[in-house]
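Subject: Structure handover

Hello,

Here is the structure I promised to pass on. Please open it first, then read the notes below.

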Amino acid sequence: SGDSLTQLVVKANAATREIAINQQIPLSRADLLPGACLAALRLEEGSIEIVQAGDCFVFWLTCDGEIGFIPVQGQECERERMKAYAEFQRQFPGDRKAAWAKYAPFFSASKLKYVNTGTSGGYSLLNGQFEFEGKWQEHSLPADRIALILLLTDGLLVPEEQGDPKNLAES
């Protein structure tokens, strides 16, 4: 199609919104909505258009050896979640079900606070919410200068393991 990558992302978000509406899930409830983080690219007329949302990684290597990246969203939020879950595990040693029962309301509140709100430390999530639009990160690269691009899904590394994205890309 002749749509730009951002137009395609908007269409995907609208389709997700329709699913939520059909399932009678309130669009104000980011904690209940289906959603996805994403890293996507589109090659068009000599340029590479990139959209990144959530905790997906995007790295590239230029033909002259320079490394670039789009910073991952949601690091602060993820640290809070990990700290809370670790605390609940300490409260209920060996009882994952009890720890999860305590964590679930925390996680729900965290999603309401951080997903598509523009809150510092938050992240964008393709979940049907109108607020998602424009909260993703965009980048454009000249195709003739790029040797390699890596698009990686979320969940690869916890925030402490990620460190400086440039160092991560170099490794």
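Two strands pair if DSSP finds at least two bridges between them. Strand E3 and strand E6 (residues 146–152) meet that rule with six bridges, and the pairing is antiparallel. Please keep in mind that this is a predicted model.

**E3 and its partners**

Start with E3. Within the pairing to E6, Leu-61 stands opposite Leu-148. E3 also pairs with E4. That pairing is antiparallel too, over four bridges. Here Val-58 has Ile-70 of E4 as its bridge partner. The hairpin of E3 and E4 has four residues between the strands. In that hairpin, Gly-65 takes a positive phi near 90°.

How enclosed is E3? Five of its six residues are buried, so E3 is largely enclosed by the rest of the structure.

Cys-63 sits in the loop between E3 (57–62) and E4. Its relative accessible area is 55%. Exposed means over 50%, so Cys-63 counts as exposed. Leaving aside neighbours within four places in sequence, Cys-63 is in contact with Asp-144, Arg-145, Ile-146 and Ala-147. Take Ala-147: it is 84 residues from Cys-63 in sequence. In space, the two C-alpha atoms are 4.9 Å apart.

**The three-stranded sheet**

Now the open sheet. It has three strands, in the order E1-E2-E5, with antiparallel pairing. E1 and E5 stand at the edges. Each has a single partner strand, so one side of each is left without a neighbour in the sheet. Neighbouring strands of this sheet are turned by 15° against each other on average, direction ignored.

E2 (residues 47–53) has six of its seven residues buried, so E2 is largely enclosed by the rest of the structure. Seven bridges join E2 to E1 (residues 38–44). Ala-40 stands opposite Val-51. Ala-39 has Gln-52 as its bridge partner. The hairpin of E1 and E2 has two residues between the strands. There, Glu-45 takes a positive phi near 45°.

E2 pairs with E5 (residues 137–142) as well, over six bridges. In that pairing, Glu-49 stands opposite Ser-140.

Helix H1 (residues 5–22) lies across E1, E2 and E5. H1 runs at about 30° to E2.

**Helix H3**

H3 covers residues 96–114. Where is the kink in H3? It lies at Tyr-103, shortly before the proline Pro-105, and comes to about 30°. Tyr-103 is also one of the buried residues of H3. The buried residues of H3 pack against H2. After H3 comes Asn-116, whose phi is positive, near 60°.

**Gln-73**

Is Gln-73 buried or exposed? Its relative accessibility is 13%, and buried means under 20%, so Gln-73 counts as buried.

What does the side chain of Gln-73 meet? It makes a polar contact with the side chain of Ser-124, at 2.7 Å. A polar atom of the Gln-73 side chain also lies 3.1 Å from the backbone oxygen of Lys-135. Residues up to four places away in sequence aside, Gln-73 touches several others, including Gln-52, Asp-55, Tyr-123 and Trp-136.

Cys-56 is in none either, with the sulfur of Cys-37 as its nearest at 5.1 Å. At a relative accessible area of 22%, Cys-37 is partly exposed. Cys-56 is buried, at 4%.

Best wishes

Terms used: Residues are numbered from 1 along each chain as its sequence is written. This is a predicted model: local features need pLDDT of at least 70, side-chain atom pairs count only at pLDDT 80 or more; totals for chains, interfaces and linings use all residues. Side-chain values use heavy atoms; hydrogens and water are left out. Buried means under 20% relative accessible area, exposed over 50%, partly exposed in between (1.4 Å probe, protein chains only). A polar contact is a pair of N or O atoms within 3.5 Å; within protein, one must be able to donate a hydrogen and the other to accept it, and residues adjacent in sequence count only if both atoms are side-chain atoms. Contact means heavy atoms within 4.5 Å. The bend at a residue is the angle between axes fitted to the seven residues ending there and the seven starting there. A disulfide is a pair of cysteine sulfur atoms within 2.5 Å. Axes are lines fitted to C-alpha atoms, for helices over the stretch in contact, and angles run from 0 to 180 degrees between N-to-C directions.
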